[in-house]
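Dear colleague,

Please find below the structure that I am handing over to you. My notes on it follow directly after.

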Amino acid sequence: MTPAQFIASAVIVATLIITVRYAVECYMRPFRRCHACQGKGRKPNRFGRGSRDCRRCRATGLRLRIGRHLWNHARALHRDATR
């Protein structure tokens with residue numbers, strides 16, 4: 001095995017490990033913290049005191065992961081196509 005082939009196979013294995021880990025993460029924890037409100041569900045007002053509900057997470061503090069969203073979409077396509 002040449003060094004170039006070894007590096008290529010190592011990159012492929014590392015990519016597969018990262019992909020499988022993210023898939024398991026999406027299965028085990030489909031939601032992640034909202035980045036807009038840091039998982040609090042509320043954002044401070046720009047002027048003055050008080051806060052308002054976060055529009056991105058609808059005041060839950062959680063958002064669906066991109067991978068889980070794609071998985072749900074693929075499942076819906078499969079379900080609709082096999083009916």
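Does Arg 56 count as buried or exposed? Arg 56 counts as exposed, because its relative accessibility is 58%; buried means under 20% relative accessible area, exposed over 50%, and partly exposed in between (1.4 Å probe, protein chains only).

Please note that this is a predicted model, in which local features need pLDDT of at least 70 and side-chain atom pairs count only at pLDDT 80 or more, while totals for chains, interfaces and linings use all residues. Residues are numbered from 1 along each chain as its sequence is written, and side-chain values use heavy atoms, with hydrogens and water left out.

Salt bridges

The whole structure holds 4 salt bridges (a side-chain nitrogen of Lys or Arg within 4 Å of a carboxyl oxygen of Asp or Glu). One of them links Glu 25 and Arg 29, with 3.1 Å from N to O. Glu 25 also pairs with Arg 65, where the closest N and O atoms are 3.3 Å apart. Arg 65 lies in the loop between β4 and α2 (66-81) and Glu 25 in helix α1, so this pair ties together parts that are 40 residues apart in sequence. Helices (H or I, at least four residues) and strands (E, at least two) are DSSP runs, numbered from the N terminus. Arg 65 is buried, at 15% relative accessible area, whereas Arg 29 counts as exposed at 52%.

Another salt bridge joins Arg 42 to Asp 53, with 2.4 Å between the closest N and O atoms. Since Arg 42 is in strand β2 (residues 42-44) and Asp 53 in strand β3, the pair connects parts that are 11 residues apart in sequence. Arg 42 is partly exposed at 39% relative accessibility, and Asp 53 is partly exposed at 44%. Through shared partners, salt bridges join Glu 25, Arg 29 and Arg 65 into one network.

Cysteines

How many disulfides does the rule give? The count is 0, where a disulfide is a pair of cysteine sulfur atoms within 2.5 Å. For Cys 26, the nearest cysteine sulfur belongs to Cys 34 and is 17 Å away. For Cys 54, the nearest is that of Cys 57, at 3.7 Å. Cys 26 counts as buried at 5% relative accessibility, and Cys 54 counts as buried at 2%.

Location of two residues

Ile 7 is placed in helix α1 (residues 3-28) and counts as exposed, at 53% relative accessibility. Arg 56 is found in the loop between β3 (51-53) and β4 (62-64).

Yours sincerely
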